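Keep the 3D view open as you read.

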Amino acid sequence: MRVLGIETSCDETGVAIFDTGTGRGLVADALYSQIAMHAEYGGVVPELASRDHTRRLLPLIQQVLDDAGLSRGELDAIAYTAGPGLVGALMVGASTAHGMARALDIPVLGVHHMEGHLLAPMLEDAPPGFPFVALLVSGGHTQLVEVRGLGRYRLLGESVDDAAGEAFDKAAKMLGLAYPGGPQVARLAEQGDPGRLRFPRPMTDRPGLDFSFSGLKTHTLTAIRQLERADELDDQARADVARAFEEAVVDTLVIKCRRALDQTGLKRLVVAGGVSANVRLRERLERECTKRDARAYYPRGRFCTDNGAMIAYVGAQRLLAGERDETGIMKAVPRWPMDTLREP
Ligand code: ATP
Ligand code: MG
Ligand code: FE
């Protein structure tokens, strides 16, 4: 089954084709990122995002078809991101998918964006087997999930306020770095002295698997103000703040992952979503896993953030099992908790 996947939930237009045939898999994928357009405003402007998806989507679909050497008529099904995300942006993907599916008379299915992130490591050469613990760390989510199979998800813990990626983006803004700040904070942190400042590890002093990152944001602002007042906020001090911030977020995530592995007794840890691209996080988790004879799995770099490949993959699994949208009923669900998903 050749499935076209369409991702338009936020600020990247992603398109891919996944072929479930033996020895096939991901046949083509393309991405257009709107980051440069939104950077000017310091964050995603929803209306601009939807309009740009409208401009980019059809050419990108043509591009992946060309790359795969396929015609539209050779597609067997279409999957699109139905949520969560920006409603206008979601509707571009949903209506395009439904329009194409109707014209080609093939099934179409709206899928969950976070299930896409969660299963993105399945596109790699040595994918994890079930069951596993997943740490989903993205711009909008920080969750620990026990995964027993496709659609068998138990939420172990999540952020009670900001997501880890959101915290990275806000810290970046305070440090005068451009949006999206995660990768830039990480780069700046490399020059930082880990011994100069120490930020708190929120909610690690009590049991449980929930996170809170909004206090760290305040802590970062206070640290910057103090340095400013002391007339010490030079490039080195900025790097030291970035380092202390990154260490605090990474350490907190690592502590909770360790707990989740202990609590479930599982030996596989999947880490996905934009923040899973963070090198220091990966290094620390590698070390933890080695210590406890467990193994960590990640998507390749470009599949950590939003992409069409993960949507094509998840869609293909569910479409194969017979799931599809009702004819003419497209879905765009801005808020959609992942633990409402079921086995196909
Ligand atoms: P969601 O998937 O929750 O709806 P999203 O799609 O906006 O949110 P992603 O595209 O998965 O999120 O990830 C983007 C986030 O990842 C941004 O907050 C960005 O700063 C962060 N990020 C990307 N690379 C890194 C990195 N190397 N270190 C830390 N954060 C990073
Ligand atoms: Mg994005
Ligand atoms: Fe995402």
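## Ground rules

Before we point at any strand, here's what the word means: strands are DSSP runs of E with at least two residues, numbered from the N terminus. Keep in mind too that this is a predicted model.

## The whole chain

By that bookkeeping, the chain has ten helices and ten strands. Its C-alpha atoms fill a box of roughly 65 × 45 × 30 Å along the principal axes. A compact globule of 344 residues would have a radius of gyration near 20 Å, and the chain has 20 Å, so the two agree.

Buried residues account for 49% of the 344 residues. Look at contacts between residues at least 6 apart in sequence, and 74% of them join residues at least 24 apart.

An unreviewed UniProt entry places the feature "binding site" at several positions, among them Val137 and Ser138. Where do they sit? Val137 belongs to strand β6 (residues 132–137), while Ser138 lies in the loop between β6 and β7 (142–149).

Are they buried or exposed? Val137 has 29 other C-beta atoms within 10 Å, so it counts as buried. Ser138 is buried as well, because 24 other C-beta atoms lie within 10 Å of its own; the cut-off for that label is 20 or more.

Val137 is in contact with Thr142, Ala164, Gly165, Leu253, Gly273, Val275 and Ser276.

Strand β6 runs parallel to β9, and four bridges join them.

## On to β10

Strand β9 also pairs with strand β10 (residues 295–297): these two run parallel, with three bridges between them. Val270 turns up here too, standing opposite Tyr297 in β10. To get from β9 to β10, the chain passes through helix α9 (residues 279–291), making a right-handed β-α-β crossover.

Conventions. Residues are numbered from 1 along each chain as its sequence is written. Chains are lettered from A and ligands numbered from 1 in the order in which they are written. This is a predicted model: local features need pLDDT of at least 70, side-chain atom pairs count only at pLDDT 80 or more; totals for chains, interfaces and linings use all residues. The radius of gyration is taken over C-alpha atoms; the globule rule is 2.2 Å times the number of residues to the power 0.38. A residue is buried if 20 or more other C-beta atoms lie within 10 Å of its own, exposed if 12 or fewer, and partly exposed in between; C-beta atoms are placed from the backbone. Two residues are in contact if their C-beta atoms, placed from the backbone, lie within 7 Å. UniProt positions are given in the numbering used here, feature names are shortened, and annotations may be inferred rather than shown by experiment. Two strands pair if DSSP finds at least two bridges between them. A crossover is right-handed if, with the strands pointing away from the viewer, the path from the first strand over the helix to the second runs clockwise. Lists of a residue's contacts leave out its neighbours within four places in sequence.
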